[in-house]
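Please look through the sequence and the structure below before reading on. The paragraphs after them are meant to be read with both in view.

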Amino acid sequence: MEEYEKIIVESDEETGADVYNRVIIDVLSDLALGRVLEKVRAYIDVKEPVFIFVALRRYGLPSIRLSDFAEVDMGDYGKNEVAINLLKESYIPQLLNKLWERYGKGNIEHSERNMIIVHTPEYFTEVDILREMVIDEKIAQINDRIMDAMLRIIPEGFRVRYHQLTEEYILFVASEDPIKQEWKDRAFTIRNGLIKGGKDNA
Amino acid sequence: MLEPMMYEGGVYKHNHLVELVEDLGGYILQTNVMQTEIIIIMLVPMKDIHLVENMTKKLLGVLTRAPLSGTEIAVVAPTLAYHHLPHPDCDIAEFLRRKGAKTNMIGLARGVGARVCQITAHERNLINEHDVAVYILGNFKHCIVENKPKIFEGIKIPLVVTGAPEIDVEEISMADAYVGNLGRIAHRMRKGPEMWAMDEAVEVVGEILDKERNEISKDPLCVMPPRVKKEIEDQIPEIADVLSPLPVTLMLKGMRVKLDYDEFHKRIENISFVEGVKLKDIAYIKKGLLKNYILVEIKPKSETGFII
């Protein structure tokens, strides 16, 4: 049944492993990552010393593009502009920042609440680019939170680190000495086991 | 012999208790008023405790022994990063304060790690200015027993260590006591076993302090620290303007006066007692490492030959 456990911490010292299990639960719940990580496996050997953390990720929310919350069209006939009709107000700050960066503040007109006019001579091609523009990247925020959680979980003195962060998993090896290949191999074995287990269950 | 006591009750008529304690020759160390409630930490002559108990009953308050009052305790963490704060360091410090202690939290610059942990001479001297040091360590026995004694080196005051595993105190070199079930955790301690462990830590510190007080009574100080505190408050009015908590913090063998050393040490040295002695005759006045504050170390009777 062990492979179904969400969090497993392995160590020679039972008490240490139990308390660390609790630390991982606390940190993940503090940063609201409980639903982001599917399975977590940690291995701690204080004699070496090494800390290995491997977690399988769930697929997160897709990025938000401009066309998801606005209608983007060319402006009135004869004008070099693109008109953005906003259907949702929640992303306006991020959108304005991106537009200012790309076109300059002087070329962005936001006189009406739900309408943004972008002045650009290339309006013909810019319409398509704007429609596909990524406004809010959820995955980047989640990655930041995952890194934050890692730094909180790993023992503070273990400042030499090796990590892999992909869409599928997170792998961390930390120690206060240079990372040995055998530690990495151990981490890879845990990771492969997790990925295989995940696929079998699916 | 004075007994450290704590009164918890209403503000109404609490001055009756204060006056009683002063009349009995006791000292009020600290009063905390919280709206209509008050907590008074005081030293009461042992043979007169029943009088104070009677007064407490009359005022409908609660009187408990506060073994940690009149002491300054260093709560030492490997660093002050979020791995250790606010839990469990602040929780343990809070429990110590509830029993009357003044705690100072000290985060070492490089106290983390196993092989790499270290302590500087400055940190060591700073910790040695206190009565007891409580080191708050982590979850693994190997780390606490094998690696961490490096950061206990040179600590001359009694040393209490806390951590998660159960360890026999004999196994940790230089430690005077060890309290388990208090590891590195990331949540507020509120469950039964955690609270009991913190109670145990407080109890252990109390026992160590009682032992220290016993040792001191074999060669008593030539003046009681609370009396010096009272004289400082009477003779140096500037102390009333100090905003730090406990402007005169009592310790077992002296006190920390939270005034600038360069500006005030001459006046502190010249504090006079009715017996005709000055403070500089019966105490060492030093510059403390904490913010240039003044450290007063009272000499024992064996050095001066008299007690006032």
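This is a predicted model: local features need pLDDT of at least 70, side-chain atom pairs count only at pLDDT 80 or more; totals for chains, interfaces and linings use all residues.

Residues are numbered from 1 along each chain as its sequence is written, and chains are lettered from A and ligands numbered from 1 in the order in which they are written.

Helices (H or I, at least four residues) and strands (E, at least two) are DSSP runs, numbered from the N terminus. Strands of a sheet pair through backbone hydrogen bonds, either parallel or antiparallel, and here two strands count as paired if DSSP finds at least two bridges between them. In chain A, five strands form an open sheet with mixed pairing, in the order β1-β2-β3-β11-β10. Its edge strands, each pairing on one side only, are β1 (7–11) and β10 (160–165) of chain A. From one strand to the next, the twist averages 10 degrees. Six bridges join β10(A) to strand β11 (residues 169–175) of chain A in the antiparallel sense, and A:His163 stands opposite A:Phe172 in β11(A).

Helix α1 (residues 14–30) of chain A lies across β1 and β2 (37–45) of chain A, and runs at about 145 degrees to β1(A); axes are lines fitted to C-alpha atoms, for helices over the stretch in contact, and angles run from 0 to 180 degrees between N-to-C directions. Altogether, 18 residues of chain A are in contact with 23 residues of chain B, where contact requires that the C-beta atoms, placed from the backbone, lie within 7 Å.

Two packed helices are described by the angle between their axes and the distance between the axes. In chain B, the axes of helix α3 (residues 89–98) and helix α6 (residues 192–218) come within 9 Å and cross at roughly 50 degrees. α3(B) and α6(B) are therefore oblique to each other, given that angles under 35 degrees count as roughly parallel, over 145 as roughly antiparallel, 65 to 115 as roughly perpendicular and the rest as oblique. The contact is made by B:Asp91, B:Ile92, B:Phe95 and B:Leu96 of α3(B), together with B:Met198, B:Ala201, B:Val202 and B:Val205 of α6(B).

Definitions and conventions. Two residues are in contact if their C-beta atoms, placed from the backbone, lie within 7 Å.
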